Amino acid sequence: MQWADACYAALRLAGWLATAAAIVAALWVLFFVMLGEFTFAGAVLHLYNFAARYVAADLERRATFETQFWIASGVLFLVVGVLRRHALRELFPHSKETADGQD
């Protein structure tokens, strides 16, 4: 029974992590859509501009950008994690024991 509980908890946690990561990716997409004034053409043009500037940058500037990107993504992940913490409550069994020790 403990093995089944551990598998359930691992799958539940993996699903929570995957969902939080997908939400962070969706927030980045929303960012570019907002920059493009909520049009597909505008979002694609901003992505093209972003990609062209990234490719043209030197290695030091690319490394700085990658660091900033991962820090921002980590912060977004933490915010999403805090907002979705209620989904992790089912991982931990709730004790139905009363104050006098009865179930």
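User: In this predicted model, residues count as buried under 20% relative accessible area, as exposed over 50%, and as partly exposed in between. Is Phe92 buried or exposed?

Analyst: Phe92 lies in the segment after α3. The cut-off for the exposed class is over 50% relative accessible area. Phe92 has a relative accessibility of 57%, and therefore it counts as exposed.

User: How far apart in space are Phe92 and Asp5, C-alpha to C-alpha?

Analyst: Phe92 belongs to the segment after α3. In sequence, Phe92 and Asp5 are 87 residues apart. In space, the C-alpha to C-alpha distance between Phe92 and Asp5 is 10.0 Å.

User: Which elements does the chain have, and in what order do they run from the N terminus on?

Analyst: The chain contains three helices and zero strands. From the N terminus on, the order of the elements is α-α-α.

User: Are α1 and α2 roughly parallel or roughly perpendicular to each other?

Analyst: The axes of α1 and α2, the latter spanning residues 40-56, come within 7 Å and cross at roughly 110°. Angles of 65 to 115 degrees count as roughly perpendicular. The two helices, α1 and α2, are therefore roughly perpendicular to each other.

User: Which residues make the contact between α1 and α2?

Analyst: The axes of these helices, α1 and α2, come within 7 Å. On the α1 side, the contact is made by Phe32, Val33 and Leu35. On the α2 side, the residues are Ala43, His46, Leu47 and Phe50.

User: At what angle do α2 and α3 pack?

Analyst: Helix α3 covers residues 59-83, and its axis is 8 Å from that of α2. In this pairing, Phe50, Tyr54 and Val55 of α2 meet Arg62, Phe65 and Glu66 of α3. The packing angle between α2 and α3 is about 130°, which makes α2 oblique to α3.

Conventions. Residues numbered from 1 in each chain as written. Predicted model: local features only at pLDDT ≥ 70, side-chain atom pairs only at ≥ 80, totals over all residues. Heavy atoms only, no water. Helix = DSSP H or I, 4+ residues; strand = E, 2+ residues; numbered from the N terminus. Axes fitted to C-alpha atoms, helices over the stretch in contact; angles between N-to-C directions. Parallel < 35°, antiparallel > 145°, perpendicular 65-115°, else oblique. Contact = heavy atoms within 4.5 Å. Buried < 20%, exposed > 50% of the residue type's maximum accessible area, 1.4 Å probe, protein only.
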